[in-house]
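Please examine the sequence and the predicted model shown below. The paragraphs that follow lead from the pairing of strands to the lining of a pocket.

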Amino acid sequence: ACLFNGSQPIDKVERHIAASDHFLCSIPPGEAGDPVLACHDGHISKASQIRWIGYLSTTGVYGDWNGKEVNESSPVRPRSDRARQRVIAERSWLSLGKNAGHGVHVFRLAGIYGPNRNVIDQVRAGTARRIDKVGHLFSRIHVDDIVSTLCASIASPRPGAIYNVCDNEPASQAEVVAYACTLLDVPKPEVIPFEEAVLDMSEMAQSFWADNRRVSNRLLHGELGITLCYPTYREGLAALIGDA
């Protein structure tokens, strides 16, 4: 294992890239751009044997659509600095793929959950809140379904492809917390109006509530033939209860 601090190339990584036929980047960009490309663009470009590159992005690039549906053809209109950096990174990776002849694929991930990263843990810890913001929905994806999507893309690559990776049912935060409480057979927290809850939210938490959209995953199903293990939060949370 090598530690990558984003400011300088990883020692001897060139030989590892040169020996790889698949390359997945999950490192987020920063103010200075994509750190992997900044340090290793040349190494990746020269690695002619690479058959597939995946870049993990976020559905945050779409920005706010007032609850309307977005798909991969929808314009990106990011509002936060973090989302704008993601758009630039996506374009940089796709440009590398086009210029170097590599098959780059962008995966726009919805809110990720899974073991040790889920609302059930929050309910058990007594930190979960049910926040009500009228008409506001979030899309989610279980980590196992992210893995399945990447494997399907590797098996059927389409250079330059962009995929939304989310489950079949956007849902409100309050609804998901309530369902977790039902599974655990514990009382549901009182609903808190968003206007009250936002007063003590971190800046990052506020940014997640700033944009409202429904994300379509039809391309995921239609092109990659994905059958989600957890098509909604209900199956995902129930499985996490069973794994506890």
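Two strands are said to pair if DSSP finds at least two bridges between them. In this predicted model, β1 and β2 run parallel and are joined by four bridges. Within β2, Y55 is the residue that C25 stands opposite.

This pair belongs to an open sheet of four strands, whose order is β1-β2-β4-β8 and whose pairing is parallel. Which strands form the edges of the sheet? They are β1, residues 22-25, and β8, residues 162-165, each of which pairs on one side only. From one strand to the next, the twist averages 20 degrees.

Helices lie across this sheet. One of them is α3, which lies across β1, β2, β4 and β8 and runs at about 170 degrees to β2. Another is α5, formed by residues 143-155, which lies across β1, β2, β4 and β8 and runs at about 160 degrees to β4.

Attention now turns to the largest pocket, which has a volume of about 1,700 Å³. Its lining consists of 50 residues, and those nearest the centre of the pocket are G111, I112, R117, F138 and F208. Which helix supplies the largest share of this lining? It is α8, with six residues. Among the other elements that each supply at least two lining residues are β2 (52-58) and α3 (81-100).

How values were computed:
Residues are numbered from 1 along each chain as its sequence is written. This is a predicted model: local features need pLDDT of at least 70, side-chain atom pairs count only at pLDDT 80 or more; totals for chains, interfaces and linings use all residues. Side-chain values use heavy atoms; hydrogens and water are left out. On a 1 Å grid over the protein atoms alone, a cavity is a set of points where a 1.4 Å probe fits but cannot get out, and a pocket is an open set with protein on both sides within 12 Å along at least five of seven lines; lining residues have an atom within 4 Å of a point. Grid points are joined across faces, edges and corners, and a volume is the space filled by probe spheres set on the points. Axes are lines fitted to C-alpha atoms, for helices over the stretch in contact, and angles run from 0 to 180 degrees between N-to-C directions. Contact means heavy atoms within 4.5 Å.
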